[in-house]
Amino acid sequence: MPIPDRIERTMDLAQPPERVWEALTSAEGLGGWFGDHATVDLRPGGTAYVEWDGEDFKAALTIVVVEPPARFAWTWGIMGLAATDPRRTHVEFTLAPSGGGTRLTVVESGFAQVPDELLDTAYGGNVEGWRKELAELADYLHAAA
């Protein structure tokens, strides 16, 4: 069975789009739910770096869309490929007001370019990763409320 090209998740959050935007785009926010430490150059073409304590891994995110507080997107390397490999996946966050909160949609696309031997690691790892990270985003926002 072929692996889909994209992962898509939608969740409703109690916080307004401006608060969710801050959690997605600031160093404090990204370092609070997506990793343990982050730096962010918030502009198209800018880079965000996210690090996790206890892991020898630092994610470099190339920012491609900054439309506060509605759209934020980056590209990043594919798990299992060398950092210098030009293939990337595209991660896009779309925020929409919903009641008193926010409907957040996250789409990561570009898995069709992944070599067959890395599909389980790259696609499967990110399916599980987004499940975990989005739960951490909800917890982060709830704790900060």
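**View 1. Buried residues of helix α3 in the predicted model**. Helices are DSSP runs of H or I with at least four residues, strands are runs of E with at least two, and both are numbered from the N terminus. In α3, the buried residues are Leu119, Ala122, Tyr123, Asn126, Trp130, Glu133, Leu134, Leu137, Tyr140 and Leu141 (buried: under 20% relative accessible area, 1.4 Å probe, protein chains only). An α-helix has 3.6 residues a turn, so residues three or four places apart point the same way. These buried residues pack against α1 (17-25), α2 (27-33), β1 (6-13), β5 (71-77), β6 (88-98) and β7 (101-109) (contact: heavy atoms within 4.5 Å).

**View 2. Length of helix α3**. Helix α3 covers residues 119-144, which is 26 residues.

**View 3. The open sheet**. Seven strands with antiparallel pairing follow the order β1-β7-β6-β5-β4-β3-β2 (pairing: at least two DSSP bridges between two strands). β1 and β2 (37-40) are the edge strands, each pairing on one side only. From one strand to the next, the twist averages 20°. Seven bridges join β5 and β6 in the antiparallel sense, and Ala73 stands opposite Glu92 in β6.

**View 4. Helices on the sheet**. α1 touches β1, β2, β4 (58-67), β5, β6 and β7, and its direction makes about 160° with that of β6. α3 lies across β1, β5, β6 and β7, at about 15° to β1. Axes are lines fitted to C-alpha atoms, for helices over the stretch in contact, and angles run from 0 to 180 degrees between N-to-C directions.

Residues are numbered from 1 along each chain as its sequence is written, and side-chain values use heavy atoms, leaving out hydrogens and water. In this predicted model, local features need pLDDT of at least 70 and side-chain atom pairs count only at pLDDT 80 or more, while totals for chains, interfaces and linings use all residues.

Note on methods
Expected span 1.5 Å × (residues − 1). Buried < 20%, exposed > 50% of the residue type's maximum accessible area, 1.4 Å probe, protein only.
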